[in-house]
Structures are given as C-alpha cells and as structure tokens.
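Subject: Handover of a structure and findings

Dear colleague,

Please find below the structure that I am handing over to you. My findings follow it, and I would be grateful if you could read the two together.

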Amino acid sequence: MNSFVLADPDKCIGCHTCEAACVVAHSGNDLFEQEESEIAFYPRLTVIETDEVTAPVQCRHCEDAPCANVCPNGSITNKNNSIFINQDTCIGCKTCMLACPYGAISMVTAYQDGQKQRQSGLRTNAEGAWSRKERIVANKCDLCDESGNGPECVRVCPTDALRFIVPGQIDESIARKRTASAQLLQQFGSLSGY
C-alpha cells in the first residue's frame, strides 16, 4: 500500500506555507540567495480556496495510478510506497496530467543545476527570435522522498492540517473501526433482545 498526505479542510487556513515549504525542499540551490527572477517556484501541491473550503490538493499516490498506467515511456513508477515521476525521462506529453483524477500533476520547466533545460531539437519563436524551446516535464508530490524526513508540508503546517499516512496506519485505522462497529452491534443486539 502507498503512503500519502491527508489534508483536513477544517484546519486549513489557506496560508500557503505548505507550498512554500515544498518549493524550498525541492530547490537544488539556496533559494534565499537567488534573484527573484531566477526562482523556479513550482510547488508540488496547490492550495485550493473556495467560499466553503480551503485545503491543499496533491497526489494521492493511487494504488492503481492512472498517471502511471498512461505514461507512454514508463517515467511514472512505484518507488518507496509512493508514485514517482522520473523527470529525466519524462517527455512532457501531458497524458498523466489529463489522467489524474485529482488534478495533482502540473507541467513545469525542467531545471538542472539551477539552469533551465532546453530541448535539443525543437525550436520556438516565442520572443521574436528563434531559440531552443524549454524542456517541460510533469511535476507532482513525491512525499519529499529524497530528504529522508518525510513530507516537508506536513512538518511546517502551522495548524496541523496535514498528516502523513503510511500503510500500517491505514490497517490500524480499519481494525479500530471494525472493533468499534462490532462493539456497537453487540450493544444493539443486547438491547433489542436478539
């Protein structure tokens, strides 16, 4: 079973701290020493705000992940109990983004060593002069796998609206609910005389 982050919309205040923490956790360089124009602000979750609810939307690391099932070159795999996108092999086809039922995948400019990656063949005339087109790749929550400390968004949330759920916790929760249900059924049975 895969791990995932669970958001409690009753606790979320829409402060976007989780988004900022995500960007900092995934910036290869010292984010606070860069010029504003150099910062690649691509959080792997998005805080959604409506009149009724505020909560971050992020990858649910589906067991039968639609994004992985449609990826034409196998760039989306299961790694360490999560769904992982290998951005080095991603071709930017957007199929995974369209298949995701949660809208948790976005397309972003690829960076390597703090520099925008450019495609080797495709050119664009976007700014009035022909140049190599930026390489675009799929981007989504990876549970901060490379940090070894778990999701940074969970750690920094000021209202504890985010929880990191690991497979064992799911089994424990199900067992507790079944025990409680059995106890209620026993009480109901003894009250009704059956």
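How many cavities of 30 Å³ or more does a search of the whole structure find? The search finds four. Please bear in mind throughout that this is a predicted model.

Overall form

The protein contains five helices and 12 strands. Its radius of gyration is 21 Å, well over the 16 Å that the globule rule gives for 194 residues, so the protein is more spread out than a compact globule. Along the principal axes, the C-alpha atoms fill a box of roughly 85 × 35 × 35 Å. Of the 194 residues, 32% are buried. The accessible surface amounts to about 12,300 Å², and carbon and sulfur atoms account for 50% of that surface. Where contacts join residues at least 6 apart in sequence, 64% of them link residues at least 24 apart.

Cavities

The largest cavity has a volume of about 110 Å³. Its lining consists of 14 residues, and those nearest the centre are Cys 12, Cys 15, Cys 18, Cys 157 and Pro 158. By class, this lining comprises 10 nonpolar and four polar residues, with no charged ones.

The second largest cavity holds about 80 Å³ of space. It is lined by 14 residues, with Cys 71, Ile 76, Cys 90, Cys 93 and Cys 96 nearest its centre. The classes here are 10 nonpolar, three polar and one charged.

Strand β3 covers residues 54-57 and includes Thr 54. Is Thr 54 buried or exposed? Its relative accessible area is 14%, which is under the 20% cut-off, so Thr 54 counts as buried. Leaving aside residues up to four places away in sequence, Thr 54 touches Pro 9, Cys 12, Ile 13, Gly 14, Val 47, Ile 48 and Glu 49.

Arg 118, Thr 124, Ala 126, Glu 127, Ser 131, Arg 132, Lys 133 and Glu 134 form its lining. By class, the lining divides into five charged, two polar and one nonpolar residues.

Arg 123 is situated in strand β9. With a relative accessibility of 46%, Arg 123 lies between the 20% and 50% cut-offs and therefore counts as partly exposed. Arg 123 touches Trp 130, Ser 131, Arg 132 and Lys 133, not counting residues up to four places away in sequence. Arg 123 and Lys 133 stand 10 residues apart in sequence, and their C-alpha atoms are 5.0 Å apart in space.

Yours sincerely

Note on methods
Residues numbered from 1 in each chain as written. Predicted model: local features only at pLDDT ≥ 70, side-chain atom pairs only at ≥ 80, totals over all residues. Heavy atoms only, no water. 1 Å grid on protein atoms, 1.4 Å probe; cavity = no way out; pocket = protein on both sides within 12 Å on 5 of 7 lines; lining within 4 Å. Points joined across faces, edges and corners; volume = space filled by probe spheres on them. Nonpolar A, V, L, I, M, F, W, Y, C, P; charged D, E, K, R; others polar. Helix = DSSP H or I, 4+ residues; strand = E, 2+ residues; numbered from the N terminus. Rg over C-alpha atoms; globule rule 2.2 N^0.38 Å. Buried < 20%, exposed > 50% of the residue type's maximum accessible area, 1.4 Å probe, protein only. Contact = heavy atoms within 4.5 Å. Areas by Shrake-Rupley, 256 points an atom, 1.4 Å probe, with all protein chains shown as cover.
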